[in-house]
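Work through the exercises below with the sequence and the 3D structure at hand. Try each task before reading its solution.

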Amino acid sequence: MTKFGAIKQVIDGHTFASTAEANRYSQLKLLERAREIKALAVHPAYPLCINGVVIGKYTADFCYFEGGRQIVEDVKGFETAAWRLKKKLFL
């Protein structure tokens with residue numbers, strides 16, 4: 001268990017931080033098989049830049065395309081201060 005009480009799960013060789021995240025992965029895999037989404041990526045990382053300087057990275061839970069639009073998704077039980085900051089920098 002993690003410090004927030006989540007139980008890690010492993011599916012298809014991917015380690016997920018919580019049961020909720022693992023369940024969402026299973027849902028997304030079904031949507032991908034049904035061709036409702038495509039190019040599902042697990043834990044993609046994005047550089048966080050300020051004025052052209054990389055100050056860190058944001059690792060999302062999932063990224064995929066739906067209807068020609070890229071979706072970057074996180075599964076959260078609750079928002080932490082660190083996540084709120086990274087979200088602002090990412091956006």
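**Exercise 1.** Find where Asp-74 lies, and work out what its side chain meets.

*Solution.*
Step 1. Asp-74 sits in the loop between β7 and α2 (81-90); helices (H or I, at least four residues) and strands (E, at least two) are DSSP runs, numbered from the N terminus. The model is predicted, so local features need pLDDT of at least 70 and side-chain atom pairs count only at pLDDT 80 or more, while totals for chains, interfaces and linings use all residues. Residues are numbered from 1 along each chain as its sequence is written, and side-chain values use heavy atoms, with hydrogens and water left out.

Step 2. Asp-74 is buried but has no salt bridge. Buried means under 20% relative accessible area, exposed over 50%, and partly exposed in between (1.4 Å probe, protein chains only). A salt bridge is a side-chain nitrogen of Lys or Arg within 4 Å of a carboxyl oxygen of Asp or Glu. The nearest side chain of opposite charge (Lys and Arg count as positive, Asp and Glu as negative; His and the chain ends are not counted) is Lys-76, 4.2 Å away.

Step 3. The side chain of Asp-74 makes a polar contact of 2.6 Å with that of Tyr-58. A polar contact is a pair of N or O atoms within 3.5 Å; within protein, one must be able to donate a hydrogen and the other to accept it, and residues adjacent in sequence count only if both atoms are side-chain atoms. The Asp-74 side chain also reaches the backbone nitrogen of Asp-61, at 3.0 Å.

**Exercise 2.** Is Thr-59 buried or exposed, or in between, and which residues does Thr-59 touch?

*Solution.*
Step 1. Thr-59 belongs to strand β5 (residues 53-59).

Step 2. Its relative accessible area is 37%, so Thr-59 is partly exposed.

Step 3. Leaving out residues up to four places away in sequence, Thr-59 touches His-43, Pro-44, Ala-45 and Asp-74, where contact means heavy atoms within 4.5 Å.

**Exercise 3.** How many salt bridges does the whole structure hold, and which residues form them?

*Solution.*
Step 1. A search of the whole structure gives two.

Step 2. One joins the side chains of Glu-73 and Arg-24, at 2.5 Å from N to O. Glu-73 lies in strand β7 (residues 69-73) and Arg-24 in helix α1 (residues 19-33), so this pair ties together parts 49 residues apart in sequence. Glu-73 is buried, because its relative accessible area is 14%.

Step 3. Lys-29 pairs with Glu-32, their closest N and O atoms being 3.6 Å apart. Both lie in helix α1, three residues apart, about one turn of the helix.
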